[in-house]
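Please take a moment with the sequence and the model before reading on.

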Amino acid sequence: MEIREATEADVGAIRSIASESLNSTYTDFLDEETIEDAVDQWYGDEALTDALEDEHALFLVVERDGEIVGFSQSELVGQRYGTGQILWLHIDPDNRGGGTGVRLLVRTREKLLERGADQIQGFVLADNEGGNEFYADHGFQQADQREVEIGDETFTENVYVEGEIEGDEDWNAIDELELDGETIFVSYGEAARGSKSPFYVAYETDAQSELYGWFCGHCDSLDNAMDTMGRIECNVCGNRRKATRWDSSYL
């Protein structure tokens with residue numbers, strides 16, 4: 001699975017996934033005409049091309065086996081563009097599960113922080129029970145509500161922020177994965193920068209008490225090695241983390 005920034009060549013796939021995702025999730029409280037209006041309004045060719053060219057917008061796509069199966073739509077707002085807002089996370093209905101959504105959430109958050117965001121917000125329609133549970137299960141808490149127009153109708157949207165609303169705890173998201181017949185728990189809030197993608201700490205239990213190893217964010221592998229200097233190298237894709245302290249070999 002690869003997560004990358006979208007290009008104009010991805011416009012058709014983004015529009016198709018948005019339509020399939022909205023129709024599979026929102027038909028309990030949105031009629032088909034309203035969904036079609038929303039897709040035309042947000043993901044028409046001209047609208048998408050303009051959005052992709054906006055330096056304060058961010059579109060990431062999830063590619064699996066050469067096929068785009070999901071995307072996120074975000075933007076940087078505020079006087080200093082210091083607030084990263086995750087507007088939509090869409091995964092093709094046939095490709096949901098297996099950690100695809102949370103991996104996209106994590107990578108979107110990382111990209112927004114890299115671009116200068118000092119706060120991350122997520123938005124979900126109040127009627128979208130699954131979407132609200134998704135943010136709540138992955139380190140976000142509801143902080144506010146706002147109104148959003150879809151077609152000719154107005155809906156309530158919940159605003160989520162990462163971490164504790166009060167207190168000093170850092171944001172974190174734990175994902176349960178099945179790899180090579182084993183269950184591990186990947187902590188996406190505990191990351192180490194790699195040459196291709198971050199490495200994440202993996203635990204044997206969701207209590208995060210017993211360390212399992214490092215999970216490569218580039219190729220989803222646990223097959224890696226760490227030396228005494230704290231360097232990590234993935235044996236599958238070559239993703240590397242540099243030494244964590246002074247390495248005398250560089251003298």
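Which residues does I150 touch, not counting residues up to four places away in sequence? I150 touches L30, T34, A38, W42, L125 and F155, where contact means heavy atoms within 4.5 Å. This is a predicted model, in which local features need pLDDT of at least 70 and side-chain atom pairs count only at pLDDT 80 or more, while totals for chains, interfaces and linings use all residues. Residues are numbered from 1 along each chain as its sequence is written, and side-chain values use heavy atoms, with hydrogens and water left out.

I150 also belongs to the largest nonpolar core, which has 27 residues, and together with I14, Y26, Y43, F59, F71 and W88 it is among those that touch the most other members. A nonpolar core here is a set of buried Ala, Val, Leu, Ile, Met, Phe, Trp, Tyr and Cys residues joined through side-chain atoms within 4.5 Å; buried means under 20% relative accessible area, exposed over 50%, and partly exposed in between, with a 1.4 Å probe and protein chains only.

The next element to follow is an open sheet of 7 strands, in the order 1-2-3-4-5-7-6 and with mixed pairing. Helices (H or I, at least four residues) and strands (E, at least two) are DSSP runs numbered from the N terminus, and two strands pair if DSSP finds at least two bridges between them. Strand 1 (2-5) and strand 6 (140-150) stand at the edges with a single partner strand each, so one side of each is left without a neighbour in the sheet. Neighbouring strands of this sheet are turned by 30 degrees against each other on average, direction ignored. Strand 6 pairs with strand 7 (residues 153-162) in the antiparallel sense over 10 bridges, and I150 stands opposite E153 in strand 7.

Within helix 5 (residues 129-137) is N132, which counts as buried at 10% relative accessibility. Leaving aside its neighbours within four places in sequence, N132 is in contact with V124, L125, A126, N158 and Y160.

Charged pairs come next. The structure holds 9 salt bridges, each a side-chain nitrogen of Lys or Arg within 4 Å of a carboxyl oxygen of Asp or Glu. One of them joins the side chains of R15 and D40 (2.7 Å, N to O); R15 lies in helix 1 (residues 11-25) and D40 in helix 2, so the pair ties together parts that are 25 residues apart in sequence. Another joins R146 and E157 (2.8 Å, N to O), and because R146 lies in strand 6 and E157 in strand 7, this pair ties together parts that are 11 residues apart in sequence. R146 is partly exposed, with a relative accessible area of 32%, whereas E157 is buried, at 4%. R4, D10 and E63 are linked in a network of salt bridges.

A second open sheet consists of 3 strands in the order 12-13-14, with antiparallel pairing. Its edge strands are strand 12 (224-226) and strand 14 (240-241), each pairing on one side only. Strand 12 pairs with strand 13 (residues 232-234) over 3 bridges, and N224 stands opposite C234 in strand 13.

How many disulfides does a search of the whole structure find? The search finds 0, a disulfide being a pair of cysteine sulfur atoms within 2.5 Å. The sulfur of C219 is 3.5 Å from the closest cysteine sulfur, in C234, which is too far for a bond. C216 is buried, with a relative accessible area of 0%. G238, in the loop between strand 13 and strand 14, has its C-alpha atom 9.7 Å from that of C216.

Notes: Axes are lines fitted to C-alpha atoms, for helices over the stretch in contact, and angles run from 0 to 180 degrees between N-to-C directions.
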